[in-house]
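I opened this model to look up a few things about its chains, and I kept the notes below in the order in which I checked them.

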Amino acid sequence: MKDTDDKLREQISRAWARRVSDRQPPFDKTWQIAQSRHAALRRRYRRFAGVAAIAAAIVIGLNALTSTDEPTYIEVAELLESTYWSAPSDVLLPDREFDIYQDMPVLFESTEPAGGALL
Amino acid sequence: MRDSDALENNPHVSRSALEAIHGQVYGWALSRCDFDHATAEDLMQQAYVELLSGSARFDNKSTLKTFVFSVVQNLARSRFRRISSRLRLVKQYQQESASAVAQMSEPVDDGVWRAVRALPARQRDIIELVFCRELTIEQAAAVMGVSTGTGRVHYDRAKKALRSRLQDWSEEES
């Protein structure tokens, strides 16, 4: 069995070698091309990263320029002088304004239980 | 392995180690693309690019040869998966006409080659890896992405098929 295996192996490797060895490219040439392809790939990635960074900077810049909602802070003194208050700059809050003397007492005086606790 | 020629992104791989197995890897690449030399060269370059960039990272879990063979195998699979369905019909037609011509024109000792080509793809692969690329059955199975047991089955079936075909042809010739 071993002999027939060896014979088969020899026949097959000979038949295969005939098709492979005649035009095998030299390692140096293949390696050189691979290196230049790798370098080109890295250049392309770097260029892409540069373009992406510039695009991100432009988007952030435009966003900052077009934003009209100036951030403001709550002035404590102002708040104490007035009975009227509205959310300062948070555009996400609903546009709700209330008079503290008209609206709040309803909440303060409420004795209705909610979920086992008084409001 | 000399440290000086180890790859930057793949410290366990050196240029000299790749050079030592270049011929074997080229043979494997060639049979992955139906013996088209230009495609095989491109496949080799692409495999080396994967190693240079570190996309395919060798961590000494197998031999370098097994690893590089697997890289070539995976690259060939992903490359040909996209176009295989379109080419299948064309190839089938070409093979039918080519085999008819080849049978008339090939020399007698190419009967071995015809017997190999007639094997199913997996059996052909394992025979090539074990007989021609000098891998063990375990290593060949790892390259092909199958278990060792499955590899052994393919190997045994391939040997039986080859023996019977070669015997038939030698009887026909005599």
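Predicted model: local features only at pLDDT ≥ 70, side-chain atom pairs only at ≥ 80, totals over all residues.

Entry 1. I looked up the largest nonpolar core, which has 60 residues, and in which I12(A) and L18(B) have the most contacts. Leaving out residues up to four places away in sequence, I saw that L18(B) touches F27(A) and W31(A) in chain A, and L7(B), V13(B), Y48(B), L51(B), L64(B) and V68(B) in chain B.

Entry 2. I turned to helix α5 of chain B, residues 121-132, which reaches 15 Å from its first C-alpha to its last, close to the expected 16 Å. Nine of the twelve residues of α5(B) are buried, among them I126(B), I127(B), L129(B), V130(B) and F131(B), but also Q123(B), D125(B) and E128(B). After α5(B) comes E134(B), with a positive phi near 55°.

Entry 3. I asked which residues make the nonpolar surface patch of about 450 Å², and the answer was I54(A), I58(A), L62(A) and L65(A). I placed L65(A) in helix α2 of chain A, residues 27-66, and I recorded L65(A) as exposed because its relative accessible area is 72%, where exposed means over 50%.

Key: Residues numbered from 1 in each chain as written. Chains lettered and ligands numbered in written order. Heavy atoms only, no water. Patch = residues over 30% accessible without salt bridge, like charges linked within 9 Å, V, L, I, M, F, W, Y side chains within 5 Å. Areas by Shrake-Rupley, 256 points an atom, 1.4 Å probe, with all protein chains shown as cover. Salt bridge = Lys/Arg side-chain N within 4 Å of Asp/Glu carboxyl O. Helix = DSSP H or I, 4+ residues; strand = E, 2+ residues; numbered from the N terminus. Buried < 20%, exposed > 50% of the residue type's maximum accessible area, 1.4 Å probe, protein only. Core = buried A, V, L, I, M, F, W, Y, C linked by side-chain atoms within 4.5 Å. Contact = heavy atoms within 4.5 Å. Expected span 1.5 Å × (residues − 1).
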